[in-house]
Amino acid sequence: MSWETVIGLEVHVQINSKTKAFCGCSTTFGADPNTQTCPVCLGMPGQLPVLNTEAARKSALTGLAINGQINLESKFDRKNYFYPDLPKGYQITQFPVPIVEFGHLDIPVPDGIKRIGITRIHMEEDAGKSMHEGLDGVSHIDLNRSGVPLMEIVSEPDMRCADEAVAYLKQLHQLVRFLNVSGADMEKGQFRCDANVSVRRFGEPLGTRAELKNLNSFRFIKQAIEYEVARQIELIEDGGEVVQETRLYDSVKGESRSMRSKEEAHDYRYFPEPDLPPLRISQQELDAIRAGMPELPGALRARFETEFGLSSYDADVLTQTRELAVWYESLVAAHPADPKRCANWMANELLGRLKESGLNISSSPVSALRLAGLLDRIADNTISGKIAKDVLDAMMASGDHADAIIESKGLKQVSDSGAIDDMIVKVMADNPQQLEQFRAGKDKLMGFFVGQVMKASKGQANPAMVNQRLNKLLKG
Amino acid sequence: MDIDVHKVAMLSRIRLTNDEAAELGPQLESILDYVDQLQQVDTEGVVETAHPHDAAMPLRVDVVTNGNRRDALQSSAPNTQSGLYVVPKVIE
């Protein structure tokens, strides 16, 4: 009997505004506990929330980017529950009329593109942080995060395996970073995912779902979903029944456990937030938000392929973040003769070195202009590609110009046929046996001689010239 | 209308004695009866009221206006330690 997996995702994205959703407290990450709080986000009596313009604008922008319907009038509601990291005893959120509905995201799947529906995006406020570890009988509460604006992005149950769920999340993660609506740093909890997972026999109605909480890396999300699918199938095949519950995935043990608390705990008793009138966005305001939409990853990728002739792989690598794409375009602007060479050197050489040094493109010691300077020296045959890699290493270490390094280390390519001929003659004299074999018809030894000459020149001989001169001289 | 007063009290974190529950039960039920009457009104074509004032929401510019007032704000907290609020253990 074969089973179908059904997955829907709820993603909490922290909006990267300077201040909280409803008060003028800073949202800076990592501040001393409780130093970024005020009577509003502490839930003190008599305080009134006032919505942050940026939270509304960034939510609407995200809605436009997923081709959603923006509700020009949306409402706020209270979701009631008791927990010490929620000082008001309720969370301000949007329940029946969220700011965005009916969007979608196209994700890459093995046989092409799949469209995943996005039910809604609503604005809400984050809770504080509770700490329990190493404490005896007490918990510690930091409310700096209390009131930080979030978007909750809720998908349709359109995904059919863990890989699709991860593809959707990666696409969404890339999108919110491109839009600059969130830092989306998963380690800082700025992009948090809950997964609703159920299984059914093909053609049957939806099965009962379990909600997996706190999935905070792409790898764990895949593991947690796969574990949950296997657990549910085994349960049903053994004659059991899946119960609707919340489960917490333990990435260390590689298994999940039920967080089942009494049913009542999920009775949130939503009601309209009396402290906030409806949020109205005019058509003009919405048009202005739309006009500020940056080029989105898909469009950028397609443009890189057509305008610069990049492979889809390179285009993909160079559009992972907006910073990478901008950097690549400034590199091409400085070395316009060969956009593909730019892509190769940036994607393969520079990014590899940055990764090894624990850096990223924003902290690269080699600027786009400097890398272009190096590529210019390859283009005009001053150095070979091989030597250029050594020069790039030196540039990474010292931050110097390519020209300064080529000059000071004497790395200029030797294209002087007299000098190359001298090296060839010496290599021939040093390797009489190979020379004899070559002249007897063993053509494969050509590679050996090229290698020897390049070695003799410390890699500085112009390879094309070496080939050409060898062809002449070896034949005797 | 049958209302579980103890459940409602639990959701609101209010401790009630049985006597109090017995007194509050009928009162809550009379409120729900009233809501029931309202439910019978034909609201076809009436736009839902989101807020009693017909006002749009004023928005706030995204500029930090609050500094660190932790000492003052924590002065009414029963228990703090190193700037953190200390509460009874809450992990499930």
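Predicted model: local features only at pLDDT ≥ 70, side-chain atom pairs only at ≥ 80, totals over all residues.
Reader: Let's start with the two chains. How many residues of chain B are in contact with chain A?
Author: 35 residues of chain B are in contact with 43 residues of chain A.

Reader: Which elements of chain B supply that side?
Author: α1 (5-11), α3 (70-74) and β2 (84-88) of chain B each give at least two residues. The largest share, 5 residues, comes from β2(B).

Reader: And what classes of residue are on the side of chain B that touches chain A?
Author: There are 19 nonpolar, 8 polar and 8 charged residues.

Reader: Back to β2(B). Which strand of chain A is joined to it?
Author: Strand β9 of chain A, residues 138-142. The two strands run antiparallel, with 4 bridges between them.

Reader: Which residue stands opposite Tyr85(B)?
Author: Ile141(A) does, with Tyr85(B) sitting in β2(B).

Reader: What sheet do these strands belong to?
Author: An open sheet of 4 strands, with antiparallel pairing. The order is β8(A)-β9(A)-β2(B)-β1(B).

Reader: Which are the edge strands?
Author: β8 (129-131) of chain A and β1 (80-81) of chain B. Each of them pairs on one side only.

Reader: Which residues in α3(A) are buried?
Author: Among them are Ile221(A), Ala224(A), Ile225(A), Glu228(A) and Gln232(A). Tyr227(A) and Val229(A) are buried too.

Reader: Why do residues three or four places apart in an α-helix point the same way?
Author: Because an α-helix has 3.6 residues a turn.

Reader: What covers the buried residues of α3(A)?
Author: The cover includes helix α2 (162-178) of chain A. It also includes the chain A strands β1 (3-14), β11 (191-201), β12 (210-215), β13 (245-250) and β14 (255-258).

Reader: What comes just after α3(A)?
Author: Gly239(A), which takes a positive phi of about 85°.

Reader: Last topic, domains. What does the assignment give for chain A?
Author: Domain 1 (3-285), domain 2 (297-409) and domain 3 (417-474).

Reader: How far apart do domain 1 and domain 2 of chain A lie?
Author: Their C-alpha centres lie 38 Å apart. The contact between them takes 4 residues from domain 1 and 4 residues from domain 2.

Reader: What classes are on the domain 1 side?
Author: Where domain 1 of chain A touches domain 2, there are 2 nonpolar, 1 polar and 1 charged residues.

Notes. Residues numbered from 1 in each chain as written. Chains lettered and ligands numbered in written order. Contact = placed C-beta atoms within 7 Å. Nonpolar A, V, L, I, M, F, W, Y, C, P; charged D, E, K, R; others polar. Pairing = 2+ DSSP bridges. Buried ≥ 20, exposed ≤ 12 C-beta atoms within 10 Å, placed from the backbone. Domains from an automatic or database assignment.
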